[in-house]
Amino acid sequence: MSASVLFDAPGPRARARNWIFTVLTVVVAAVLLGFVVWRMWTKDQLTGAKWEPFLTADLWRTYVLPGVQGTLTAAVVSIVFALILGVLLGVGRLAPIALIRWICGVIVEFFRAVPVLIMMIFAYFLYAVYDTFPSKHLALAGVITGLTLYNGAVIAEIVRAGINTLPRGQREAAASLGLSWGQTMRLILLPQAITAMLPVLVSQLVVVLKDTAIGYQITFVEMVRQGTVIGSAYGNYLPALIVIAILMITVNFTLSWFATWLERRMRRSSRGPAPLEPEAVEQEGAPGAQVLHSQRD
């Protein structure tokens, strides 16, 4: 019989106590849910009239679909720019020139520390003051800028951690063949690191998609903002937000499922390095990580 050092098997009394707590939790949750449904019913929020507008094509064409388009547009553009910025900063943090490493490190740490909403608001008003973009695209530009800078900094750490998980012997072998640092990074390290980074990168893309909802603060037309507009126009805030929530959950669940499927597929594959765990991004610089690297070598 195997024993775990992290968890002691509960005895009869502990199992009975756990069952009691589980039943009580389920009962309390059911009571709270019933109370919420009852209050919604008394406020006429569950009547068919509140949901009828969603059966018309005009509502979807006027409100919902523009919100979906805005969310997906901002997410896709931000993802592309963030990937480019993240790769550049991540590789720059590993550059042999100390000045480049320092500059990239300052940029990454700064944009990781600043809230996304602050960057969106700052970019929005900066573009407005200098008339950088047409007025109808100001909000979109602000959202893309904020998401690109923050997620680019996060992806830079993912890239750096992914490259550092590779055996150092590969760098030494490349140097013995006369390859420069740039050639080693481009031809040997990055192609392998991308395989290890892919599941974590896809998970970060889910974060980008969800963070587009913050853009409603700068009047960006996205799904959450359109949900509030629908509620104001038809007097059905709760049904409108429920529909928008279902749409957001569906899209995010699809991306999350894809990330999980991709990670499992890569774990079953015998080719390439093991997928990078999300915790490794934060723990890569810890002393234990360096010991692990030396053991792998």
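# Helices, burial and salt bridges in a predicted model

Read along the sequence, the pattern is α-α-α-α-α-α-α-α-α-α-α-α. This is a predicted model, where local features need pLDDT of at least 70, side-chain atom pairs count only at pLDDT 80 or more, and totals for chains, interfaces and linings use all residues. Residues are numbered from 1 along each chain as its sequence is written, and side-chain values use heavy atoms, with hydrogens and water left out.

Reader: How many helices and strands are there, and what makes a run count as one?

Author: The chain has 12 helices and 0 strands. Both are DSSP runs numbered from the N terminus: helices are H or I with at least four residues, strands are E with at least two.

Reader: How do you know that the span of α9 agrees with a helix?

Author: The expected span is 1.5 Å times one less than the number of residues. Helix α9 (residues 223-234) has 12 residues, so it should span 16 Å. Its end C-alpha atoms are 16 Å apart, which agrees.

Reader: Which residues of α9 are buried, and why say that they line one face?

Author: They are Met223, Gln226, Gly227, Ile230 and Gly231. Buried means under 20% relative accessible area, exposed over 50%, and partly exposed in between (1.4 Å probe, protein chains only). Seen down the axis of α9, these buried residues fall within an arc of 145 degrees, so they line one face of the helix. The arc is that of the directions from the helix axis to the C-beta atoms. An α-helix has 3.6 residues a turn, so residues three or four places apart point the same way.

Reader: Why is the pair Arg61 and Asp58 called a salt bridge?

Author: The term needs a side-chain nitrogen of Lys or Arg within 4 Å of a carboxyl oxygen of Asp or Glu. Here the closest N and O atoms are 3.6 Å apart, and the pair forms a salt bridge. Both residues are in helix α3, 3 residues apart, so about one helical turn separates them. Arg61 counts as exposed at 54% relative accessibility. Asp58, at 40%, counts as partly exposed.

Reader: What makes Thr73 partly exposed?

Author: Its relative accessibility is 32%, so Thr73 counts as partly exposed. Thr73 lies in helix α3 (residues 57-92). The C-alpha atoms of Thr73 and Ile144 are separated by 9.2 Å, though the two are 71 residues apart along the chain.

Reader: Which residues form salt bridges with Glu157?

Author: Arg93 forms one, with the closest N and O atoms 2.5 Å apart. Arg93 lies in the loop between α3 and α4 (98-113) and Glu157 in helix α6 (residues 138-164), so the pair ties together parts 64 residues apart in sequence. Arg160 forms another with Glu157, at 2.8 Å. Arg160 and Glu157 are 3 residues apart in α6, about one helical turn.

Reader: Are Glu157 and Arg160 buried or exposed?

Author: Glu157 is buried, with a relative accessible area of 4%. Arg160, at 17%, counts as buried.

Reader: Which residues are linked in a network of salt bridges?

Author: Arg93, Glu109, Arg112, Glu157 and Arg160 are linked in this way. A search of the whole structure finds 5 salt bridges.
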